[in-house]
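Open the model in your viewer and keep the selection tool at hand. The stops below go from one side-chain pair out to the whole chain.

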Amino acid sequence: MSPTPMGDENGRYSCVEGAIRVIEQSGLEYEVGALGTTVQGPAERLWPLMRELHDATLEAGADRVMTHFRILESKDDVIEASMTELAARITH
């Protein structure tokens, strides 16, 4: 997400933090990075979550927001590894 502005007098990134709170409440596995946030879960939960994140950013005070997202889905619905498992392979 690219909100404008990213925050307000309540915090430098308060608009982004509004979206992160929605992700936390979803119960899905997620990882916040410097240039974006990754969320892992079933596509049927991710599609509506993207709309909620977009709206939460605006509700948190952004005047406008551009939302970028990518969804990877497999026909057999098999997730080969969780984000935690993939990161552990790389960092250890």
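**Stop 1: a charged pair**

Select Arg51: this residue is exposed, with a relative accessible area of 51%. Buried means under 20% relative accessible area, exposed over 50%, and partly exposed in between (1.4 Å probe, protein chains only). The rule asks for a side-chain nitrogen of Lys or Arg within 4 Å of a carboxyl oxygen of Asp or Glu. By this rule the count comes to 1 salt bridge. Both residues sit in helix α2, 4 residues apart, about one turn of the helix.

This is a predicted model: local features need pLDDT of at least 70, side-chain atom pairs count only at pLDDT 80 or more, and totals for chains, interfaces and linings use all residues. Numbering starts from 1 along each chain as its sequence is written, and side-chain values use heavy atoms, leaving out hydrogens and water.

**Stop 2: the core**

Now select Ala19, Val22, Ile23, Leu28, Val39, Leu46, Leu49, Met50, Leu53 and Ala56. These 10 residues form the largest nonpolar core (buried Ala, Val, Leu, Ile, Met, Phe, Trp, Tyr and Cys residues joined through side-chain atoms within 4.5 Å). Helices α1 (14–26) and α2 (43–59) each supply at least two of its residues. The largest share, 5 residues, comes from α2.

**Stop 3: the whole chain**

Zoom out and color by secondary structure: 3 helices and 4 strands. Helices (H or I, at least four residues) and strands (E, at least two) are DSSP runs, numbered from the N terminus. Along the sequence the pattern reads β-α-β-β-α-β-α. Of the 92 residues, 28% count as buried.
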